[in-house]
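Morning, everyone. I have one model to walk through today. Please have a look at it on the screen.

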Amino acid sequence: MKSKKEILSSTLGVCLAAGVCCLLWGSAFPFIKIGYSLFSIQGGDYSSQILFAGIRFTLAGILTVLFGSIISNRFLIPKRSSLAKIPVLSLFQTVLQYIFFYIGLANTTGTKSSVINSISVFFAVIISTVLLKDRLTAKKTVGCIVGFVGVVIINLTASNGFDAEFSIIGEGFIILSALSYAFSSVFLKIFSKSENTVVLSGYQFVLGGVVMILAGIILGGEISTVSVKGVLLVIYLAFVSAAAYTLWGALLKYNEVSRVAVFGFMTPIFGCVLSALFLREKLTQTALQVIISLLLVCVGIYLVNAKDSKRKESSE
């Protein structure tokens, strides 16, 4: 029977696991905006948006620790060596990334956010090259560019989703969110060498979620409307975070950051289509346009991973 490392470092394993993560993350774009509507949170009510995000991530952390403990047949608690790493990871992965993301998403469209957010792939590749000394080859560079072009193409004609307008608290905050996420991916790769990724994921979510809840309350945020649909939606968003980030962390543990990060170009594809379905942001792309976009993303992923089968894969 193959080990966890063998499965998650194989080409098929990486593709399937990363694909599931990107599908889940892509669904977050429309469902967060739906959540604003269900909880009567207005676009400019940033304190309530932060409070909403805090509740989601606190629950995500609890679910991660709970399910991880059930699987391990023991309650997961951080080691002493984890105590300094969890706050760092929480700052970039949860607090900064999602404060910027939630506010930015409220000030632009779901489809446009998904495109801009994809630059996190470039950030992750560059940061891993500097901090982890990963090789930045010509193929990786071209692969990232090709994948990004594919993401842009699928949004070029989304009449109410993608345009040339730019605002600091809209598109600017989405860019800062992408940068925070890139740093968190690299830190998770570094920390996972000696730490349990489930423990890191769960407790950083709880810490970040509590910080965001307190910040939201102090700033005057409130959840004035509560419904069964709203509660179920928060549970789903918490599941998205818990499942996707934990699985992504396992992939980063056994693979180079660039090999995993490039799959992030799939998230905007899912985000664009799901935003069109659930937010009724009109999807005006032709079938040919969608096919070309998906093809370019796949080519980009292939180029970044082209040499993986020729070299010994390691967990470093």
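One definition to begin with: the expected span of a helix is 1.5 Å times one less than its number of residues. Keep in mind that this is a predicted model.

Now take helix H2, residues 11-38. H2 has 28 residues. From its first C-alpha to its last, H2 reaches 40 Å, close to the 40 Å expected. Where does H2 bend? At Phe29, by about 35 degrees. A proline, Pro30, follows within four residues.

Next, what comes after H2. Ser40 follows, and its phi is positive, near 55 degrees. Ser40 is not a glycine. For context, most residues other than glycine have a negative phi. Ser40 sits in the loop between H2 and helix H3, which is 46-72. Is Ser40 buried or partly exposed? Partly exposed, with a relative accessible area of 38%.

There is also Asn73. Asn73 has a positive phi of about 60 degrees, and again this is not a glycine. Asn73 lies in the loop between H3 and helix H4, 85-106. Its relative accessible area is 72%. The cut-off for exposed is over 50%, so Asn73 counts as exposed.

Now the whole chain. How many helices does the protein chain have? It has 13, with zero strands. Of its 316 residues, 55% count as buried. The chain exposes about 14000 Å², and carbon and sulfur atoms supply 72% of that.

Last, contacts. Take those between residues at least 6 apart in sequence: 90% join residues at least 24 apart.

Definitions and conventions
Residues numbered from 1 in each chain as written. Predicted model: local features only at pLDDT ≥ 70, side-chain atom pairs only at ≥ 80, totals over all residues. Heavy atoms only, no water. Helix = DSSP H or I, 4+ residues; strand = E, 2+ residues; numbered from the N terminus. Bend = angle between axes of the 7 residues up to and from the residue. Buried < 20%, exposed > 50% of the residue type's maximum accessible area, 1.4 Å probe, protein only. Contact = heavy atoms within 4.5 Å. Areas by Shrake-Rupley, 256 points an atom, 1.4 Å probe, with all protein chains shown as cover.
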